[in-house]
Amino acid sequence: RAYHPATNTWDAGRAPLPTLREHLTAAVVNNRIYVISGRWSAGNVGTVEAYDPATNTWTARASIPTPRSGITSGVINGRIHVTAGEGHPSGATLSSHEVYDPATDTWATFPGMPTARHGLASGVANGRWYVIGGGLLEGGGTFSSLTNIVEAFAVAPASPGNPIAGAGRIVNASVLGALASAGESFSLGFVVGGDGTGGAKPLLI
(Lines give C-alpha, C1' and ligand atoms only; values in the text may rest on other atoms or scores of the structure.)
Protein backbone atom coordinates (compact mmCIF):
# COMPACT_ATOMS: atom_id res chain seq x y z
CA ARG A 1 0.00 0.00 0.00
CA ALA A 2 1.05 3.60 -0.59
CA TYR A 3 0.13 6.47 1.74
CA HIS A 4 -0.67 9.93 0.33
CA PRO A 5 -0.02 12.57 3.02
CA ALA A 6 -1.76 15.32 1.04
CA THR A 7 -5.09 13.47 1.09
CA ASN A 8 -4.52 11.27 4.16
CA THR A 9 -5.50 8.21 2.13
CA TRP A 10 -4.06 4.80 1.32
CA ASP A 11 -3.66 3.32 -2.18
CA ALA A 12 -4.28 -0.43 -2.10
CA GLY A 13 -3.53 -0.97 -5.79
CA ARG A 14 0.21 -1.47 -5.37
CA ALA A 15 2.10 -4.62 -6.35
CA PRO A 16 2.77 -6.81 -3.27
CA LEU A 17 6.26 -7.64 -2.06
CA PRO A 18 7.28 -10.81 -4.00
CA THR A 19 9.09 -12.52 -1.11
CA LEU A 20 7.23 -12.99 2.18
CA ARG A 21 9.27 -11.94 5.24
CA GLU A 22 9.35 -9.93 8.47
CA HIS A 23 11.99 -8.20 10.60
CA LEU A 24 13.43 -6.70 7.40
CA THR A 25 14.78 -3.25 6.59
CA ALA A 26 13.97 -0.84 3.76
CA ALA A 27 15.65 2.23 2.29
CA VAL A 28 15.00 4.70 -0.53
CA VAL A 29 17.57 5.64 -3.19
CA ASN A 30 16.66 7.56 -6.37
CA ASN A 31 12.91 7.12 -5.83
CA ARG A 32 13.15 3.34 -5.51
CA ILE A 33 12.40 1.38 -2.34
CA TYR A 34 14.90 -1.38 -1.51
CA VAL A 35 13.60 -4.10 0.81
CA ILE A 36 16.48 -6.04 2.32
CA SER A 37 16.79 -9.40 4.08
CA GLY A 38 14.58 -10.36 7.05
CA ARG A 39 13.23 -13.77 8.01
CA TRP A 40 10.37 -16.12 7.28
CA SER A 41 9.46 -19.63 8.36
CA ALA A 42 12.69 -21.61 8.89
CA GLY A 43 15.16 -18.73 9.08
CA ASN A 44 16.69 -15.61 7.60
CA VAL A 45 16.54 -14.78 3.92
CA GLY A 46 19.12 -12.77 1.99
CA THR A 47 16.65 -11.55 -0.62
CA VAL A 48 16.80 -7.94 -1.83
CA GLU A 49 13.97 -6.54 -3.94
CA ALA A 50 13.56 -3.03 -5.38
CA TYR A 51 10.21 -1.33 -5.93
CA ASP A 52 9.68 1.36 -8.57
CA PRO A 53 6.55 3.40 -7.74
CA ALA A 54 6.48 4.89 -11.24
CA THR A 55 5.92 1.48 -12.87
CA ASN A 56 4.44 -0.36 -9.85
CA THR A 57 6.94 -3.19 -10.33
CA TRP A 58 9.44 -5.13 -8.22
CA THR A 59 12.91 -6.23 -9.37
CA ALA A 60 15.19 -8.81 -7.77
CA ARG A 61 18.61 -7.43 -6.83
CA ALA A 62 21.84 -8.94 -5.49
CA SER A 63 21.30 -10.78 -2.20
CA ILE A 64 22.91 -9.48 0.98
CA PRO A 65 26.03 -11.53 1.85
CA THR A 66 24.90 -12.13 5.45
CA PRO A 67 21.16 -12.88 5.76
CA ARG A 68 19.85 -11.26 8.95
CA SER A 69 16.66 -10.15 10.73
CA GLY A 70 15.80 -7.44 13.24
CA ILE A 71 18.13 -5.13 11.31
CA THR A 72 18.51 -1.46 10.45
CA SER A 73 19.74 0.58 7.49
CA GLY A 74 20.71 4.09 6.46
CA VAL A 75 21.63 5.82 3.20
CA ILE A 76 24.91 7.75 2.85
CA ASN A 77 26.19 9.03 -0.52
CA GLY A 78 23.63 6.95 -2.41
CA ARG A 79 24.66 3.67 -0.77
CA ILE A 80 22.57 1.61 1.64
CA HIS A 81 24.37 0.66 4.88
CA VAL A 82 22.97 -2.39 6.71
CA THR A 83 24.05 -3.61 10.12
CA ALA A 84 23.12 -5.63 13.22
CA GLY A 85 20.41 -8.29 13.42
CA GLU A 86 19.90 -11.88 14.49
CA GLY A 87 21.67 -14.82 12.90
CA HIS A 88 18.46 -16.85 13.05
CA PRO A 89 18.49 -19.75 13.72
CA SER A 90 22.14 -19.57 14.85
CA GLY A 91 21.22 -17.87 18.15
CA ALA A 92 23.64 -14.95 17.89
CA THR A 93 23.30 -11.20 17.42
CA LEU A 94 25.39 -9.59 14.68
CA SER A 95 27.67 -6.57 14.45
CA SER A 96 28.74 -6.92 10.81
CA HIS A 97 28.19 -3.98 8.46
CA GLU A 98 27.46 -4.48 4.76
CA VAL A 99 26.91 -1.77 2.15
CA TYR A 100 24.82 -2.01 -1.02
CA ASP A 101 25.46 0.16 -4.08
CA PRO A 102 22.27 0.33 -6.21
CA ALA A 103 24.20 1.80 -9.15
CA THR A 104 26.29 -1.37 -9.54
CA ASP A 105 24.03 -3.91 -7.75
CA THR A 106 26.96 -4.98 -5.56
CA TRP A 107 27.70 -5.41 -1.85
CA ALA A 108 30.84 -4.47 0.11
CA THR A 109 31.95 -5.17 3.68
CA PHE A 110 32.65 -2.16 5.90
CA PRO A 111 33.88 -1.95 9.53
CA GLY A 112 31.44 -3.61 11.92
CA MET A 113 29.70 -1.99 14.87
CA PRO A 114 31.49 -2.25 18.19
CA THR A 115 28.32 -3.67 19.82
CA ALA A 116 26.36 -6.60 18.33
CA ARG A 117 22.57 -6.21 18.71
CA HIS A 118 19.20 -6.45 16.97
CA GLY A 119 15.75 -4.86 17.08
CA LEU A 120 17.30 -1.40 16.94
CA ALA A 121 16.74 1.95 15.22
CA SER A 122 18.98 4.25 13.22
CA GLY A 123 19.06 7.54 11.36
CA VAL A 124 21.40 9.59 9.18
CA ALA A 125 22.20 13.21 10.07
CA ASN A 126 24.92 15.38 8.53
CA GLY A 127 26.54 12.41 6.79
CA ARG A 128 26.79 10.28 9.95
CA TRP A 129 24.77 7.15 10.60
CA TYR A 130 23.58 6.81 14.20
CA VAL A 131 22.67 3.28 15.32
CA ILE A 132 20.48 3.39 18.42
CA GLY A 133 19.48 0.95 21.16
CA GLY A 134 18.30 -2.62 20.57
CA GLY A 135 18.71 -5.95 22.32
CA LEU A 136 22.07 -7.58 22.99
CA LEU A 137 20.67 -11.12 23.06
CA GLU A 138 18.69 -12.91 20.36
CA GLY A 139 15.02 -13.88 20.57
CA GLY A 140 13.66 -14.49 24.06
CA GLY A 141 16.61 -12.74 25.70
CA THR A 142 15.76 -9.38 24.12
CA PHE A 143 13.77 -7.89 27.01
CA SER A 144 16.46 -8.68 29.56
CA SER A 145 19.23 -7.23 27.40
CA LEU A 146 17.88 -3.90 26.09
CA THR A 147 20.58 -1.27 25.72
CA ASN A 148 20.69 2.51 25.26
CA ILE A 149 24.03 2.41 23.42
CA VAL A 150 24.38 4.69 20.39
CA GLU A 151 27.22 4.22 17.89
CA ALA A 152 28.01 6.53 14.98
CA PHE A 153 29.55 5.74 11.60
CA ALA A 154 30.81 8.21 8.99
CA VAL A 155 32.23 7.97 5.47
CA ALA A 156 34.74 10.58 4.35
CA PRO A 157 32.89 12.73 1.76
CA ALA A 158 35.91 12.95 -0.56
CA SER A 159 36.37 9.15 -0.68
CA PRO A 160 33.24 7.03 -0.13
CA GLY A 161 35.31 3.84 -0.22
CA ASN A 162 37.42 4.96 2.73
CA PRO A 163 35.30 4.45 5.88
CA ILE A 164 35.93 6.32 9.11
CA ALA A 165 34.21 4.73 12.11
CA GLY A 166 33.46 6.47 15.38
CA ALA A 167 31.57 5.03 18.32
CA GLY A 168 30.32 6.44 21.60
CA ARG A 169 27.66 6.07 24.25
CA ILE A 170 25.57 9.20 23.73
CA VAL A 171 23.79 10.23 26.93
CA ASN A 172 22.10 13.41 25.70
CA ALA A 173 22.11 15.77 22.72
CA SER A 174 24.97 17.88 24.07
CA VAL A 175 27.37 14.93 23.72
CA LEU A 176 26.81 14.90 19.94
CA GLY A 177 29.09 17.92 19.65
CA ALA A 178 32.07 15.71 20.48
CA LEU A 179 31.52 13.83 17.20
CA ALA A 180 31.24 16.93 15.02
CA SER A 181 33.90 18.47 12.84
CA ALA A 182 34.79 22.14 13.23
CA GLY A 183 31.89 24.36 12.20
CA GLU A 184 29.45 21.45 11.86
CA SER A 185 25.99 21.40 13.42
CA PHE A 186 23.57 18.56 14.15
CA SER A 187 19.87 18.04 13.46
CA LEU A 188 17.53 16.78 16.15
CA GLY A 189 16.35 13.18 15.80
CA PHE A 190 13.43 11.17 17.17
CA VAL A 191 13.05 7.51 18.13
CA VAL A 192 9.44 6.32 18.26
CA GLY A 193 7.91 3.03 19.42
CA GLY A 194 9.57 -0.24 20.39
CA ASP A 195 9.61 -2.44 23.47
CA GLY A 196 10.76 -1.28 26.89
CA THR A 197 11.60 -3.05 30.12
CA GLY A 198 8.79 -1.25 31.95
CA GLY A 199 5.79 -2.89 30.33
CA ALA A 200 6.74 -2.63 26.64
CA LYS A 201 5.52 0.97 26.31
CA PRO A 202 6.10 3.03 23.15
CA LEU A 203 8.94 5.52 23.43
CA LEU A 204 9.36 9.02 22.04
CA ILE A 205 12.80 10.52 22.65
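This report covers the aromatic pairs and nonpolar cores of a predicted model.

## Ground rules

Local features need pLDDT of at least 70, side-chain atom pairs count only at pLDDT 80 or more, and totals for chains, interfaces and linings use all residues. Residues are numbered from 1 along each chain as its sequence is written, and side-chain values use heavy atoms, without hydrogens or water.

## Aromatic pairs

The model has 5 aromatic pairs. Rings of Phe, Tyr and Trp (its six-membered ring) pair if their centres lie within 6.5 Å; planes under 30 degrees apart are stacked, over 60 edge-to-face, and the rest tilted. Tyr-34 and Tyr-100 form a tilted pair, 5.8 Å centre to centre with 55° between the planes. Tyr-34 lies in strand β4 (residues 32-36) and Tyr-100 in strand β11 (residues 97-101), so the pair ties together parts 66 residues apart in sequence. Strands are DSSP runs of E, at least two residues, numbered from the N terminus.

Both Tyr-34 and Tyr-100 are buried (under 20% relative accessible area; exposed is over 50%, partly exposed in between; 1.4 Å probe, protein chains only). Together with Trp-107 they form one aromatic cluster.

## Nonpolar cores

A nonpolar core is a set of buried Ala, Val, Leu, Ile, Met, Phe, Trp, Tyr and Cys residues joined through side-chain atoms within 4.5 Å. The largest has 12 residues, including Tyr-34, Ile-71, Tyr-100 and Trp-107. Strands β3 (25-29), β4, β7 (48-52) and β10 (79-83) each supply at least two of its residues.

How values were computed. Helices (H or I, at least four residues) and strands (E, at least two) are DSSP runs, numbered from the N terminus.
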